[in-house]
Amino acid sequence: MTAIPLLVCDDSNMARKQLIRALPANWPFRITQATNGVEGLEAIRAGAGQIVLLDLTMPELDGFGVLAALREQALAAEVIVVSGDVQEEAVRRAKALGARAFIKKPADPIQLAEALNSLGVDVPLAAAPATTDLELPLPTVSFRDAFREVSNVAMGRAAELLGRVLGTFIKLPIPNVNILEVGELHMALADAQRGQRLSAICQGFIGGGVAGEALLIFHDSEIEDVARLLNAQEDESAQLEMLLDLATIIIGACLNGLSEQLNITLSQGHPLVLGQHCPIEDLIRINQRRWKRTLAVEISYGLEDMEIHFDLLLLFTEDSVPRLRETLDFMIN
């Protein structure tokens, strides 16, 4: 029986491992893996991607770029997008570029099987189980990669809600995940935002052996642009209320996405204004006792065709890391 060349294209080791495990066992796949869009296109040109499971948010070349290249170069591939970016506009764009189906991360095995069946590939019921190329075994997943992937999914859910509120498409980055000493965290913040005046909202969270603080940073030069998008008044009190509302939306959606994946309940405190209209150096100095050695997740949301960005930092206490490792190990294995 001829095996079907199937390409799993995603920069996350954990996402690729989850997808391979979710594949129907009675389909005779010959599985190849790619860690970015450039590698993915090379594999398709080499005949390794009759069917492609494609992520959207990747380095080098993202999923939209891969879809566009497939069309421009007339490459034959049946693409199913599997992404954490679940904005309606992301779904529309992917399908307009030729994607046959769109599945949100983490992929449900039943939905994945239905999407594969919709491609019309003739597969006998007694087909052999899927096999992975010997040169490309199931990836080893580190704690950092696993937590980056669950953060990516949570980030996408927050972007979907934010995009609906603001009426625009949200550009998503690849989250940065690092364990930082307090001095390293301060330096990273200062280097990233030096010389800019900022307002920041902080919201604590706790539950299931996990605790920390979410810090949402707004650039003062962009606040009036956001206010115009929302038809908000331009006085300072109205803008502060707007920032608090946006922080509640973004932080709440992101933490809910993490809670669902990690199977824990995170209770959120009231949002607090940390350093309105002050340089980042002052923000760090004022709050340096809050941030010790921490697991830091950095996400920068951008609004398409606008010079507007929201920087979200999720800062987990050092004591939270063992609990997170335990939960992620269970998800991985």
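Student: Which residues does Leu112 touch, not counting residues up to four places away in sequence?
Tutor: Contact means heavy atoms within 4.5 Å. Set aside residues up to four places away, and Leu112 touches Leu19, Ala22, Leu23, Leu53 and Ile103.

Student: What kind of model is this, and what pLDDT do local features need?
Tutor: Residues are numbered from 1 along each chain as its sequence is written, and side-chain values use heavy atoms, with hydrogens and water left out. This is a predicted model: totals for chains, interfaces and linings use all residues, side-chain atom pairs count only at pLDDT 80 or more, and local features need pLDDT of at least 70.

Student: Does Leu112 count as buried or exposed?
Tutor: Leu112 lies in helix H5. Buried means under 20% relative accessible area, exposed over 50%, and partly exposed in between (1.4 Å probe, protein chains only). Leu112 has 0% relative accessibility, so it counts as buried.

Student: What distance separates the C-alpha atoms of Leu112 and Ala22?
Tutor: Ala22 is among the residues that Leu112 touches. Along the chain, Leu112 and Ala22 are 90 residues apart, yet their C-alpha atoms are separated by 7.4 Å.

Student: How many helices and strands are there in the chain?
Tutor: Both are DSSP runs, numbered from the N terminus: helices are H or I with at least four residues, strands are E with at least two. The chain has 11 helices and 15 strands.

Student: What share of the contacts with a separation of 6 or more comes from residues 24 or more positions apart?
Tutor: The chain has 333 residues, and 52% of them are buried. For contacts with a separation of 6 or more, the share from residues 24 or more positions apart is 75%.

Student: Which residues is Glu149 in contact with, leaving aside neighbours within four places in sequence?
Tutor: Glu149 lies in helix H6, residues 143-166. At 5% relative accessibility, Glu149 counts as buried. Beyond four places in sequence, Glu149 is in contact with Ser12, Met14, Ala15, Gln18 and Lys105.

Student: Which peptide bond is cis, with omega near -15 degrees?
Tutor: Look in the loop between strand E5 (101-104) and helix H5 (109-117), where Pro106 is found. The cis bond runs from Lys105 to Pro106.

Student: What is the geometry of the aromatic pair Phe218 and Phe310?
Tutor: The structure holds 5 aromatic pairs. Between Phe218 and Phe310, the centres are 5.3 Å apart, with 70 degrees between the planes. Rings of Phe, Tyr and Trp (its six-membered ring) pair if their centres lie within 6.5 Å; planes under 30 degrees apart are stacked, over 60 edge-to-face, the rest tilted. The pair is edge-to-face.

Student: Which strands hold Phe218 and Phe310?
Tutor: Both residues are buried. The pair ties together parts that are 92 residues apart in sequence, because Phe218 lies in strand E10 (residues 210-219) and Phe310 in strand E15 (residues 309-317).

Student: The charged end of which residue sits over the ring of Phe143?
Tutor: Ring pairs link Phe143 into a cluster with Phe147, Phe205 and Phe316. A charge sits over a ring if NZ of Lys or CZ of Arg is within 6 Å of the ring centre and within 35 degrees of the ring normal. Elsewhere, Arg93 has its charged end over Phe169, 4.2 Å from the ring centre. Over Phe143, 4.4 Å from the ring centre, sits the charged end of Arg325.

Student: How are H8 and H9 set to each other?
Tutor: The axes of H8 (residues 220-229) and H9 (residues 236-262) come within 11 Å and cross at roughly 80 degrees. Axes are lines fitted to C-alpha atoms, for helices over the stretch in contact, and angles run from 0 to 180 degrees between N-to-C directions. Under 35 degrees is roughly parallel, over 145 roughly antiparallel, 65 to 115 roughly perpendicular, the rest oblique. H8 and H9 are therefore roughly perpendicular.

Student: Which residues in H9 meet H8?
Tutor: H8 brings Ile223, Glu224, Val226 and Ala227. The H9 side is Gln239, Met242, Leu243 and Leu246.

Student: What distance separates the C-alpha atoms of Ala238 and Ala227?
Tutor: Ala238 lies in helix H9. Its relative accessible area is 17%, so Ala238 is buried. Ala238 and Ala227 are 11 residues apart along the chain, with their C-alpha atoms separated by 8.9 Å.

Student: Where does Ala74 lie?
Tutor: Ala74 is not a glycine, yet its phi is positive, about 55 degrees. At 66% relative accessibility, Ala74 counts as exposed. Its place is the loop between helix H3 (63-72) and strand E4 (78-83).

Student: Does Asn263 count as buried or exposed?
Tutor: Asn263 is found in the loop between H9 and strand E11 (267-268). Phi of Asn263 is positive, near 55 degrees, in a residue other than glycine. Relative accessibility is 70%, so Asn263 counts as exposed.
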